[in-house]
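Please look at how two protein chains meet, and then at one residue close to that meeting place.

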Amino acid sequence: MKTKKLGKHKKMLKRTSWVLKSNPVVAMGLALPFAVVPTVSLRAGVVMSLLVGTATLWMALISSLTRNWAKPMVKLPLLVITSMLCIILVSKYMNLPQSVTDALGIYIPLASVNSLALEAAARSGQKKLPAAVWTGLKLSLSFALTACSVSAVREILAYKTIWGVSFALYPIKITGLTLPCFGFIVLGFGAAFFKGLDRWIAKTLYQSENRTTALKEVGSDA
Amino acid sequence: MLSAASPLLYIFVTALVTENLVFARAIGAADFLQRGGRHSRIPHYGVLLFSICLPAVMMAWAARHMLGDHPLYRDFRWLAAMLALVVSFGAVKLLLTFAGIQNKWQVGDDVLLTVGFGTTSLAIVLLSLLLNAGLLQTVTFAAGSTLGLTVAILLIHSGRERLEISQVRKSFQGFPISLLYLGILSMAIYGLTGHPLLT
């Protein structure tokens, strides 16, 4: 029984697990509201990713810097207050278009206490600064990938546009996809699709490797 | 008395059902989707959340009432809500510690911090303030939101238990089927009303 190709595939997956297999949104349910509800267009998805990423990186940074002198009961309130200040400054000076602000609504201030940022703070609590920044970056990028994918799919299917540019490849417009319930459903099917894809790839690699081995053995017997 | 109470009842039912935090805004679902836990913990979670959010909502409402027109408050109103939450959390923590309730309910500091500073508590405070109404209406909305969240989490928890013992395809097992279940429940709630949300 050979598993060389399968081993290579698993090794490759391990390197990208933080963004694919162990994606914090799809595998752990972190920052779920931010990936499901406001991501009704790619613009909103990108802005949401930026805000969540800012809060996540900030929390990871400050958590690492305060790792030796603050207890959790004091540290977390400090983190969330500074994170909120950060979000206020970023959203104020980003000059967001009105359509994006209306789409995001209260998810803008809520981004300061998103569960991804709290997870980054918890993981970075014992790490040095470069490791903490890398943790924050990994989490932010994996959220951005999920949120932008979901928002692109929903914008294409609901409005037949992508980034406001017409993308009319098919005649039907399913505007109901902008509802929160369909955000859950799109994300659920997306998670199942990638889980199934991983299993199918592993199965195919294993079968191809062992079929080749079996054929060689049959050939040598003959 | 009934005519005086009916606007409050309308606000309470709106917060409980049509603008439910979990089904309409996806806030608060993930905590129980992943962590799981016992049914009996969920009401404790609801009571803790209510005890932290209620004073925070009242303080934030007072701040808006007194400083609403000030340009600095308009820019930093979210920070004011957050500070109200921090003060409220501190007060509740002291009360729980001195009354011995934290040990009795076996609630760790990490759970308390998650309840106090998670997306859920801040969402309840901000949504209550968005009403732009009087104190009683604001507090009623906060109470309805908290109760709606607790009931929604009970529903999700029950559904997850049934899904775990059902025959589900391997690709859908675990988180994907939970998300689909949540989406269908949310669609059912939306089907009751079909209205635009306050954001």
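The paragraphs below go from the interface as a whole to a single residue.

This is a predicted model, in which local features need pLDDT of at least 70, side-chain atom pairs count only at pLDDT 80 or more, and totals for chains, interfaces and linings use all residues. Residues are numbered from 1 along each chain as its sequence is written, chains are lettered from A and ligands numbered from 1 in the order in which they are written, and side-chain values use heavy atoms, with hydrogens and water left out.

Chain A brings 47 residues and chain B 42 residues to the contact, where contact means heavy atoms within 4.5 Å. Between them the two chains bury about 3,800 Å², 80% of it on carbon and sulfur atoms; buried area is the accessible area (1.4 Å probe) that two parts lose on being put together, summed over both. On the side of chain A, the residues that lose the most area to chain B are M73(A), I106(A) and F184(A), together 18% of what that side buries.

One salt bridge is counted between the chains, a term for a side-chain nitrogen of Lys or Arg within 4 Å of a carboxyl oxygen of Asp or Glu. It joins the side chains of K92(A) and D75(B), at 3.5 Å from N to O.

In chain B, V22(B) is found in helix α2, residues 21-25, helices being DSSP runs (H or I, at least four residues) numbered from the N terminus. V22(B) counts as buried because its relative accessibility is 0%, the cut-off being under 20% relative accessible area (1.4 Å probe, protein chains only). V22(B) and L182(B) lie 160 residues apart in sequence, yet 8.8 Å apart in space, C-alpha to C-alpha.

Definitions and conventions:
Helix = DSSP H or I, 4+ residues; strand = E, 2+ residues; numbered from the N terminus. Buried < 20%, exposed > 50% of the residue type's maximum accessible area, 1.4 Å probe, protein only.
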